[in-house]
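Here are a few notes to go with your first look at this one. Keep the model open while you read and click along.

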Amino acid sequence: MKRLINLALALFVLWCTTATAQVTVIKAGKLVDPDQGAVLSDQVIIIRANKIDAIGKGIAIPSEATVIDLSNMTVLPGLIDCHTHLADGKHGEGDPMYQLKKSASQTVLESVPNARVTLESGFTTVRDVGVYRALNDIALRDAINRGDIVGPRMFVAGAYITITGGAGAMTGMAPDIQLPWDFHYGEANSPWEVRQKVRLLAHDGVDQIKVLSTGAVLTHGSNPKSQEFTLEELQAAVDEASHFGLRVAAHAHAAEGIKNAIRAGVASIEHATLIDDEGIALAKQHGTYLDMDIYDEECIQEEGKKGLVPADFLQHDRELGELHRQNFIKAVKAGVKMAFGTDAGVCDYGMAGKQFAFMVKYGMTPMQSIQAATSSAADLLGRSNEIGSIKPGKYADLIAVTGDPSKDVALLENIQWVMKDGKIFKRLN
Ligand SMILES: [Zn+2]
């Protein structure tokens, strides 16, 4: 009897919450469906609380609904940037060593506006792939999730897993300077040390693991053409991460480092700058995503002219910029899985949309570039059931622009309306 009462009570509570859940209806003049690669017209989207309840042409509008009329606009799923660094503080301070002039709390508080402008520019989700100060990204993610500050859904890495003096290390100081723990939390120099770091980060509550397979452009004393972690170390990272249900993203510029990471089973190669034909074939065979930030060279060279970029970084970048873009063309042609990632933080926050036009200039159709930032990005994150397209059951993460971005993708540089989790964060003026 007591059980029956409990059940009745539970059903009543469920009925109350469904009955009182806020209903919002959006009338979309056009709607981009990245799953089909199609632009649909005159769609009605019904949202209950924070989820999409129904979508289609001519469906009945519930009487209690708040109606948002976007019938002269194009509605898209919220964009996803698969390579950001939102928690590194203010953009444009040049040398990473500048980080040593601030406390961790200063840096993370300076990052609050980065999260806001990212969301307001139409990116409702980011995969954040590393921080100078370990765990600042977790603090930022959790503050957003609590609703204390405004920002995108963040999936974070917690720290860079890197060799000593490697691409993800803070380098450039005198050898007798001892860094605080959080500047070298992810340092590892053997398969077992890699496993230990993955275990620590999993316990800290990260959403993915970031490893550095080769040298980097924006690190002192690092050679982007060199290999850093060995195949064994990369395999240890992927295997250990899998025990915690975590995927691995591997930074890699040099061809051998790219191939090692693919063979080890990482989910994505970040940058993939010097990928060769064998690497492209391997990525296709393994279903590995490439996340190629081909817009960045613009900002690095532009800010270099203003004296904001250290000379060694500029030299690295000049040697690689055009090759990177030519290899992007080859990878697109070969049909490798591509995700949209900008390395936000290299360019200023809120500018990620500028990469769409570059992806189209270097071989993608506008729809392919939109898919890279929606359905494909969600697949890379393992979250296709929650985000990446506008389908019943997914989060109500939606954006809108005037005009048709499947014809003119540069429209995505100015998103006029943003909804995340059923709440509006940018309204039409
Ligand atoms: Zn990066």
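1. Start with a loop residue. Ala 49 counts as partly exposed at 42% relative accessibility (partly exposed lies between buried, under 20% relative accessible area, and exposed, over 50%, using a 1.4 Å probe and protein chains only). You'll find Ala 49 in the loop between strand 2 (38-48) and strand 3 (51-56). Although Ala 49 is not a glycine, its phi is positive, about 55°. Helices (H or I, at least four residues) and strands (E, at least two) are DSSP runs, numbered from the N terminus.

2. Some ground rules. This is a predicted model, where local features need pLDDT of at least 70 and side-chain atom pairs count only at pLDDT 80 or more, while totals for chains, interfaces and linings use all residues. Residues are numbered from 1 along each chain as its sequence is written, and side-chain values use heavy atoms, with hydrogens and water left out.

3. Leu 135 is another non-glycine with a positive phi, about 75°. Look for Leu 135 in the loop between strand 6 (123-128) and helix 4 (136-146). With a relative accessible area of 21%, Leu 135 is partly exposed.

4. Now the metal. Which residues coordinate the zinc ion? They are His 83 (NE2), His 85 (NE2) and Asp 343 (OD), at 2.1 to 2.2 Å. Donors here are N, O and S atoms within 2.8 Å of the metal (3.2 Å for Na, K and Ca), and water is not among the atoms, so sites may look incomplete. Along the chain, the zinc donors follow the spacing H-x1-H-x257-D. His 85 sits in the loop between strand 5 (79-84) and helix 2 (104-110), and Asp 343 in the loop between strand 13 (338-339) and helix 11 (354-361), so the pair ties together parts 258 residues apart in sequence. Both His 85 and Asp 343 are buried.

5. Have a look at Thr 84 too, which belongs to strand 5. Thr 84 is buried, at 1% relative accessible area. Setting aside neighbours within four places in sequence, Thr 84 is in contact with Val 126, Arg 127, Asp 128, Val 129 and Ala 344 (contact means heavy atoms within 4.5 Å).

6. On to helix pairs. Helix 7 (residues 255-264) and helix 8 (residues 277-286) pack at about 15°, with axes 10 Å apart. That makes helix 7 roughly parallel to helix 8. Axes are lines fitted to C-alpha atoms, for helices over the stretch in contact, and angles run from 0 to 180 degrees between N-to-C directions. Angles under 35 degrees count as roughly parallel, over 145 as roughly antiparallel, 65 to 115 as roughly perpendicular and the rest as oblique. On the helix 7 side, Lys 259, Ile 262 and Arg 263 meet Glu 278, Gly 279, Leu 282, Ala 283 and His 286 of helix 8.

7. One last pair. The axes of helix 5 (residues 191-204) and helix 6 (residues 231-243) come within 8 Å and cross at roughly 30°. Helix 5 and helix 6 are therefore roughly parallel to each other.
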